[in-house]
Amino acid sequence: MKLNNISERLIIKYFEGQATEKEARLISDWLDQDKSNKQFFAALKKAHLEIEANAVENDSDTELAFKRFLNHVDKNEKQKDTDRKKKNASLRNTVLRYAAIFIIIFSVGIICYFLGHNISPGAERGFCELNVPYGSRSMVILPDSSKIWLNAGSKIKYSRNFNLSCREVFLEGEAYFEIKKSRHSFVVYTSHLDIRVMGTAFNVKSYPDEDNIETTLVEGNILIESKKSAKPVYLKPREKLTYHKPDARTKVTCLKKENEEEQSVHSAPAEKTQTLTPRREIHIKKNVNTEEYTSWKDGTLIFNKEPLESLARKLERKYDITFSFEDEKLKSYSYSGTLRDFPLEQVLKALELTSPVKYSINEKTVKLYFNKDFKPLKLLSK
Amino acid sequence: MDKEEKHIVKGIKQGDKEVFRKLFDIYYQRLFLYARSYVENADTAKDIVQDLFINMWEKRKNLFINSSLSSYFFRAVHNRSIQFLRHKKVISEFRENHILKLKEAEILYSTSSDYIFSEVQLNEISNILDQTNSSLPEKTREVFRLSRAEGKSYHDIARTLNINIKTVEYHITKALKIFHDALKDFFI
């Protein structure tokens with residue numbers, strides 16, 4: 001049945017919610033008459049939806065709805081980990097109280113792709129891979145509800161068959177793990193070490209461009225096996241294991257025993273005392289402040305007598321920049337302190353104010369110079 | 001489902017909030033309007049769509065979508081709206097408008113699996129609508145703008161412009177008719 005002009009207007013009127021009871025009845029009957037009437041009606045309805053969507057396009061409504069969604073989701077997630085959070089709360093609060101001058105929310109970029117989609121050999125199929133570029137951090141929840149925080153410039157890979165009885169991940173870079181307890185062990189594979197755990201929280205740092213692999217245990221216990229030696233090492237809470245890669249570029253590095261005093265952003269050129277004693281492959285440090293190694297996941301860098309060379313590497317990843325040292329001796333200056341998510345310029349300013357260092361920025365490259373006119377601040381006088 | 005959609009579904013399953021943000025950008029407004037066209041109450045419509053997204057998040061690991069994303073979303077909103085209407089029917093009077101609503105839902109459900117177009121088509125539709133809008137007679141355009149963009153009631157518009165409420169109705173229907181005609185090729 002063909003539709004005349006009045007009826008089409010009538011349908012529009014109905015869409016507008018303006019149809020009377022009698023008119024609604026008319027449309028209702030007309031719809032029952034013929035299948036093509038229904039099709040026409042459906043087409044009109046869809047067109048109407050698009051017209052409306054276009055006319056009332058309101059980004060703030062969408063924005064608001066998305067915020068409402070995030071709020072709900074975040075609240076639920078938080079509830080789930082309240083227990084864990086409580087344990088860390090007091091420590092974190094202390095850090096926050098002293099360190100938070102401003103907090104800038106760092107943009108977290110996630111690039112996630114699946115090797116299964118790429119043209120890759122059969123062995124690589126069926127893996128999920130998460131890549132976090134420089135300048136970002138990311139968090140992933142695995143199917144067994146274990147959580148992994150990934151630091152800048154890190155990569156994690158796990159089988160798509162990942163499940164409660166088969167828990168294995170491959171890590172390149174730095175990650176903090178909170179592993180759900182289970183009868184089946186969870187294994188983290190790095191280039192040189194395999195770390196086997198049941199249910200615990202720990203940090204692993206294994207960047208390909210660094211000579212050491214570090215594992216810091218927060219709670220529970222973990223078993224670490226070097227791919228070379230058969231003897232596994234057990235780690236207890238608050239212990240940090242450092243593994244010196246046998247293929248490392250620098251075979252010998254031994255820093256001078258540092259000053260024991262604590263100061264905020266204190267700098268003192270550490271004397272270069274490189275000896276020729278080869279470092280042991282595995283070294284365990286007891287009673288470490290685990291916060292120092294895991295705080296990055298919340299955007300904070302805590303460093304303790306850290307040479308500028310390695311501090312610079314951390315900043316490079318965090319801010320996606322490159323440092324170039326115009327004076328070699330700067331590399332051994334050491335710093336202690338806490339950095340929250342400050343803008344890069346502010347961090348560099350802090351370096352300038354507290355140590356004989358000058359900087360210049362050109363796009364993504366930061367040059368560091370020796371500042372011979374530097375006068376130490378008297379604020380921190382002993 | 002195309003490659004892009006598969007990628008989105010993976011993102012949903014992984015709980016990638018950025019992916020959810022994208023979903024809100026593409027679908028929220030349309031789903032809201034769709035729900036509102038059934039339940040005739042903006043807050044209820046918002047709740048229905050919000051609830052759908054939260055449900056999707058919570059059940060993301062077991063999510064199974066065998067159609068296109070848009071048809072999945074619209075069916076879900078459809079089902080929820082109908083559920084709401086059915087429940088309301090019990091408590092409200094049985095009215096012709098109400099019967100027609102249910103019939104409408106049934107028709108839309110059976111005659112089309114997809115309510116949403118590709119991004120390219122959406123852009124095209126949006127362009128056509130923009131052009132059509134600027135071609136509307138001045139008075140009609142003003143009435144339509146007050147009704148849609150500012151969400152004013154017919155009554156308010158009549159008062160603001162100092163015209164008869166029937167005239168408001170006339171302008172709106174006229175605008176919609178012109179828009180509908182402009183979009184005919186896309187839908188029929």
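**The open sheet and its surroundings**

In this predicted model, strands S17, S20 and S19 of chain A form an open sheet of three strands in the order S17-S20-S19, and the pairing is mixed.

Q: What makes S17(A) and S19(A) the edge strands?
A: Each of them pairs on one side only. Strand S17 covers 322-325 and strand S19 covers 357-362 of chain A. From one strand to the next, the twist averages 25°.

Q: How do you know that S19(A) and S20(A) pair, and in which sense?
A: Pairing needs at least two bridges. S19(A) and strand S20 (residues 365-370) of chain A have six bridges, so they count as paired. The sense is antiparallel. One bridge can be named: Val357(A) has Phe370(A) in S20(A) as its partner.

Q: Which helix lies across S19 and S20 of chain A, and at what angle to S19(A) does it run?
A: It is helix H8 (residues 344-354) of chain A. The angle to S19(A) is about 155°.

Q: Why is Glu363(A) called exposed?
A: Glu363(A) has 7, so it is exposed. Its place is the loop between S19 and S20 of chain A. Glu363(A) also has a positive phi of about 55°, although it is not a glycine.

**Further pairs in chain A**

Q: What makes S8(A) and S11(A) a strand pair?
A: Five bridges link strand S8 (residues 193-197) and strand S11 (residues 222-226) of chain A. At least two are needed, so the two strands pair. They run in the antiparallel sense. Within this pair, Arg196(A) stands opposite Leu223(A) in S11(A).

Q: How many helices and strands does chain A have, and what percentage of its residues is buried?
A: There are eight helices and 20 strands in chain A. Of its 382 residues, 28% are buried. Buried here takes 20 or more other C-beta atoms within 10 Å. Among contacts in chain A with a separation of 6 or more, 52% join residues 24 or more positions apart.

Q: Why is H8(B) called roughly perpendicular to H9(B)?
A: Their axes come within 8 Å and cross at roughly 110°. The range for roughly perpendicular is 65 to 115 degrees, so H8(B) is roughly perpendicular to H9(B). Tyr154(B), His155(B), Ile157(B) and Ala158(B) of H8(B) meet Ile165(B), Val168(B) and Glu169(B) of H9(B). By class, this contact holds five nonpolar, one polar and one charged residues.

Q: What makes H7(B) roughly perpendicular to H9(B)?
A: The axes of helix H7 (residues 138-148) of chain B and H9(B) cross at roughly 95° and come within 9 Å. That angle falls in the range of 65 to 115 degrees, so the label holds. From H7(B), the contact takes Lys139(B), Thr140(B), Val143(B), Phe144(B) and Ser147(B). From H9(B) come Val168(B), His171(B), Ile172(B), Lys174(B) and Ala175(B). The classes are five nonpolar, three polar and two charged.

Q: Why does Asn162(B) count as exposed?
A: It has 6 C-beta neighbours inside 10 Å. The limit is 12 or fewer, so Asn162(B) is exposed. Asn162(B) lies in the loop between H8 and H9 of chain B. Its phi is near 60°, a positive value in a residue other than glycine.

**Interface and confidence**

Q: Which helix of chain B gives the most to the side that touches chain A?
A: The contact takes 50 residues from chain B and 48 residues from chain A. H2(B) gives the most to the side of chain B, with 11 residues. That side divides into 23 nonpolar, 10 polar and 17 charged residues.

Q: Where is confidence lowest in chain B, and where is it highest?
A: Helix H5 (residues 96-111) of chain B is lowest, at a mean pLDDT of 71. Helix H8 (residues 154-161) of chain B is highest, at 91. Over chain B the mean pLDDT is 81, and 87% of residues reach 70 or more. For the complex, the predictor gives an ipTM of 0.73 and a pTM of 0.42.

Definitions and conventions: Residues are numbered from 1 along each chain as its sequence is written. Chains are lettered from A and ligands numbered from 1 in the order in which they are written. This is a predicted model: local features need pLDDT of at least 70, side-chain atom pairs count only at pLDDT 80 or more; totals for chains, interfaces and linings use all residues. pLDDT is the predictor's confidence in each residue, from 0 to 100. Helices (H or I, at least four residues) and strands (E, at least two) are DSSP runs, numbered from the N terminus. Two residues are in contact if their C-beta atoms, placed from the backbone, lie within 7 Å. Ala, Val, Leu, Ile, Met, Phe, Trp, Tyr, Cys and Pro count as nonpolar, Asp, Glu, Lys and Arg as charged, and the others, Gly among them, as polar. Axes are lines fitted to C-alpha atoms, for helices over the stretch in contact, and angles run from 0 to 180 degrees between N-to-C directions. Angles under 35 degrees count as roughly parallel, over 145 as roughly antiparallel, 65 to 115 as roughly perpendicular and the rest as oblique.
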